[in-house]
Amino acid sequence: MSKEMTIHLKYWKQDGPDARGYFEEYTLDNVNEHMSFLEMLDVLNEELMLKDKAPVEFDYDCREGICGSCNLVINGQAHGPKERVAACQLHMRNYSDGDHITIEPPRAAAFPVIKDLVVDRSAFDRIIEAGGYVSVKTGAAPEANSIPVEQEKANKAFDYATCIGCGACVAACPNASASLFTGAKIAHLNKLPQGEVERTNRVVNMVDQMKEEGFGDCSNYAECEAVCPVGISITAIAEMRKDYIKAVFKGD
Amino acid sequence: MPSFLKALNSQVGRKVMTGITGVGLMFFLIGHLLGNLTIFGSPEAFNIYTKKLESLGPLLYLIEAGLAFFFLYHTILGISIWRNKKKARPGGYKKYQSKGGASHQSLASKSMIYTGIIIFVFLIIHLITFKFGATETVMLEGEQARDLRALVLDKFQNPLYTFGYTFVLLLFIFHLSHGFWSAFTSLGMKHGDFSKKMQMAAYAFGIILMVGFIFIPLYIYFTGGQGSLIAY
Ligand code: SF4
Ligand code: FES
């Protein structure tokens, strides 16, 4: 038998980017402890629609912690209370009967609300466009072993590459800084020989774009590392700074 | 690559400069403390030390200008970063809490702007009191000099001044407990163990330095300026 719980929800409603948002409350009675957080929201929406009310919009895709679409701020914590877990992997067994849960969208000027809990994260795409790529000739796949990569570097690059671009780091940062995301994307490529060629432009352009998009400065609070569902360390931010300093003094 | 000015203005540049100016000011504090400790030397030691400093003339002005620049730069960046956060998140959360774990959010890190501003105000009062304060003159090595030692011994008989000073220095430890570690992270030095050691060093450095600074006024106050550590 699985446990059923009553959960008191309070969630953000906002009709559009310029509309005034407000909180709506709803009490769900039969929340199964095995439901994921998003399934609980599905049940909520079903009930709302049966009552002819508009469902609450939220972002998701994979529901298995790999796409980075979900990004709810649950009771004031990005992706909820558990470490290294995306909101879609959070289960209702982490809550108890009668709990109150407040759900908000990530709040940042650079992430305008599209509707309810859905925000526009295209600012991240523009940071990537500024330098989060390598320029290579496409065509027949080159021989895989032609560019040797030190194992340790490959491991590190891979660690940084696990960033799923969810934006929880921005949501949780007291300054709404995008440094962890940007740092991870830079470090991921700069660690590899393929990324070496464009490393100088990459770090400078991506750091500039971050400011351009209206994200805040980093104050080394490291809250981003605490909420990151894949555990990206703020070492990424330190590396971004090191690379940036090098780029300034290299002067090419 | 980016012009130097543009780099200074980037989000990385701002943080790096906060770190560099912060570390610079910490070095200054070490020198300041060593100077203060001459109060426990011979009766003339402290006044000789301050007289030597003042006799540096233009070099002293240069050092002072440098310090003022570091201090103001650090302050302005701090205020600007703090103001930017309002811009980057105009509407706050209804509910917000830290997730703990790796987070460095603490009372110290969240109150940097407030402890910083208090330190700023303190500095002004401190300069007015000692640097620009009126003193008696004494004869030292055949020349006239300010009797700063007497002023120090006198000021720290005043409970308001003594405990106000002690309080601000305690806030200083607080400021440094995040600032020291943060500065090294801002300068790109952070990898695993090193960072943890830096955090420990931050606490140790802050505490040793401030114990040194706080000891002097409290000692003077509680011994009524007659303590045996101070020679007459
Ligand atoms: S660094 Fe972590 S929290 Fe930030 S976008 Fe990437 S996965 Fe999400
Ligand atoms: S829905 Fe894909 S990570 Fe949560």
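# Cavities, a pocket and a sheet

The largest cavity is lined by 15 residues. C173(A), C218(A), A222(A), C224(A) and I237(A) lie nearest its centre. Two elements of chain A, α5 and α8 (223–227), each give two or more residues to this lining. The space inside comes to about 110 Å³. What classes of residue make up the lining of the largest cavity? Ten are nonpolar, four are polar and one is charged. Keep in mind that the whole model is predicted.

The structure holds four cavities of 30 Å³ or more. Turn now to the second largest cavity, with a volume of about 80 Å³. Its lining is made of F124(A), C163(A), G165(A), C166(A), G167(A), A168(A), C169(A), L180(A), F181(A), C228(A), P229(A) and I232(A). Here α4 and α5 of chain A are the elements that give two or more residues. By class, ten of the lining residues are nonpolar and two are polar. No charged residue takes part in this lining.

What takes up the space of the second largest cavity? Ligand 1 does. Around ligand 1 stand 14 residues. The closest are C163(A), C166(A), G167(A), C169(A) and C228(A). The shell has twelve nonpolar residues and two polar ones. Charged residues are absent from the shell around ligand 1.

Three helices of chain A give two or more residues to the lining: α3 (151–161), α6 (193–196) and α9 (235–250). How many residues of each class line the second largest pocket? There are 13 charged residues, seven nonpolar and six polar.

Now look for the strands. Five of them form an open sheet in chain A. Follow the sheet across and the order is β2-β1-β5-β3-β4. The pairing is mixed. Which strands stand at the edges of the sheet? They are β2 (22–32) and β4 (77–78) of chain A. Each has a single partner strand, so one side of each is left without a neighbour in the sheet.

Strand β3 of chain A, residues 73–74, pairs with strand β5 of chain A, residues 100–104. The two run in the antiparallel sense, and the pairing spans two bridges. Within it, I74(A) stands opposite I103(A) in β5(A).

Is E47(A) buried, partly exposed or exposed? E47(A) has a relative accessible area of 26%, so it counts as partly exposed, because that class lies between the 20% limit for buried and the 50% limit for exposed. Now compare E47(A) with N94(A). Along the sequence, 47 residues separate them. In space, the two are 22 Å apart, C-alpha to C-alpha.

Terms used: Residues numbered from 1 in each chain as written. Chains lettered and ligands numbered in written order. Predicted model: local features only at pLDDT ≥ 70, side-chain atom pairs only at ≥ 80, totals over all residues. Heavy atoms only, no water. Near = heavy atom within 4 Å. 1 Å grid on protein atoms, 1.4 Å probe; cavity = no way out; pocket = protein on both sides within 12 Å on 5 of 7 lines; lining within 4 Å. Sits in = over half its atoms within 2 Å of the grid points. Nonpolar A, V, L, I, M, F, W, Y, C, P; charged D, E, K, R; others polar. Helix = DSSP H or I, 4+ residues; strand = E, 2+ residues; numbered from the N terminus. Points joined across faces, edges and corners; volume = space filled by probe spheres on them. Pairing = 2+ DSSP bridges. Buried < 20%, exposed > 50% of the residue type's maximum accessible area, 1.4 Å probe, protein only.
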